[in-house]
Amino acid sequence: NPHFLYNTLTMICGMSAEGMNDKVISVTSALSQIFRYSIKGSEMVTLAEEMEIVRSYLMIQQERFSNRITIRYEFSEDSYECLIPKMVIQPLVENAIVHGLEKSLKPGELLIGAGRNPEHGYLAIWIFDTGVGMPLDKLEELRRAVSLPVEHRNQDAAANLAGLDAVDHDSIGILNVNSRMVLYYGAVYTLLIDSEADVGTNIQLRVPYQTRKKAQTPDLHTKER
């Protein structure tokens with residue numbers, strides 16, 4: 001997001017002018033880590049790897065917003081090793097900050113968590129913010145957008161927005177992530193979205209639970225006898 005980059009560089013300049021060298025180093029290191037991660041070759045990463053970048057992003061945002069945002073994490077121990085597509089959590093967190101919490105006039109909370117559903121074989125990941133939320137008509141339009149037939153999907157969020165007048169460009173990050181989830185896993189893995197105006201927004205994504213260890217384990221039933 002160019003706005004994030006611009007705001008971060010402006011903040012670094014301000015810190016430098018004030019002689020806040022330790023904070024300049026911390027923020028610059030976090031920004032460097034985010035960009036290095038974004039060009040990383042692997043398409044699949046562990047949840048732990050993705051959360052390192054999310055925490056770097058949130059550290060920078062907390063420097064911007066000071067005490068306005070409280071962040072909580074709720075992760076089950078077995079969730080961290082699950083494989084997920086790279087850069088699917090950070091855009092949703094950024095959406096919660098920019099379009100939810102930043103627009104609110106009061107301090108807010110961001111909750112990020114994950115838990116395994118052994119019965120159905122997936123890991124659920126959720127991002128909840130107590131920001132401005134959405135009116136019902138916009139929520140319903142966004143839900144329709146994420147449930148478009150698979151044959152109408154592509155990785156161009158702007159194209160997915162065509163004809164959806166109630167969904168403005170605040171939703172591009174959500175639709176991009178949703179399109180990627182469907183392309184990776186199929187239509188049953190669309191994002192689940194709940195929101196209420198002046199209350200907040202909760203977005204949940206689900207991924208089939210798979211780890212690197214499990215993916216590399218040979219199937220003994222198919223070995224030649």
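**Close-up views of a predicted model**

**View 1. Residues around the second largest pocket.** Seventeen residues, or 17, line the second largest pocket, with Asn-95, His-99, Gly-100, Met-134 and Thr-201 lying nearest its centre. Helix 4 (89-101), strand 5 (122-129) and strand 7 (200-208) each give two or more residues to this lining, and helix 4 provides the largest share, five residues. By type, the lining divides into seven nonpolar, six polar and four charged residues. This is a predicted model, in which local features need pLDDT of at least 70 and side-chain atom pairs count only at pLDDT 80 or more, while totals for chains, interfaces and linings use all residues. Residues are numbered from 1 along each chain as its sequence is written, and side-chain values use heavy atoms, leaving out hydrogens and water. A pocket here is an open set of points on a 1 Å grid over the protein atoms alone, where a 1.4 Å probe fits, with protein on both sides within 12 Å along at least five of seven lines; lining residues have an atom within 4 Å of a point.

**View 2. Lys-23 and Glu-63 joined by a salt bridge.** The closest N and O atoms of this pair are 3.4 Å apart (a salt bridge is a side-chain nitrogen of Lys or Arg within 4 Å of a carboxyl oxygen of Asp or Glu). Lys-23 sits in helix 2 (residues 21-38) and Glu-63 in helix 3 (residues 47-65), 40 residues apart.

**View 3. Asp-194 and Arg-143 in a salt bridge.** Here the closest N and O atoms are 2.7 Å apart.

Notes. Helices (H or I, at least four residues) and strands (E, at least two) are DSSP runs, numbered from the N terminus. Ala, Val, Leu, Ile, Met, Phe, Trp, Tyr, Cys and Pro count as nonpolar, Asp, Glu, Lys and Arg as charged, and the others, Gly among them, as polar.
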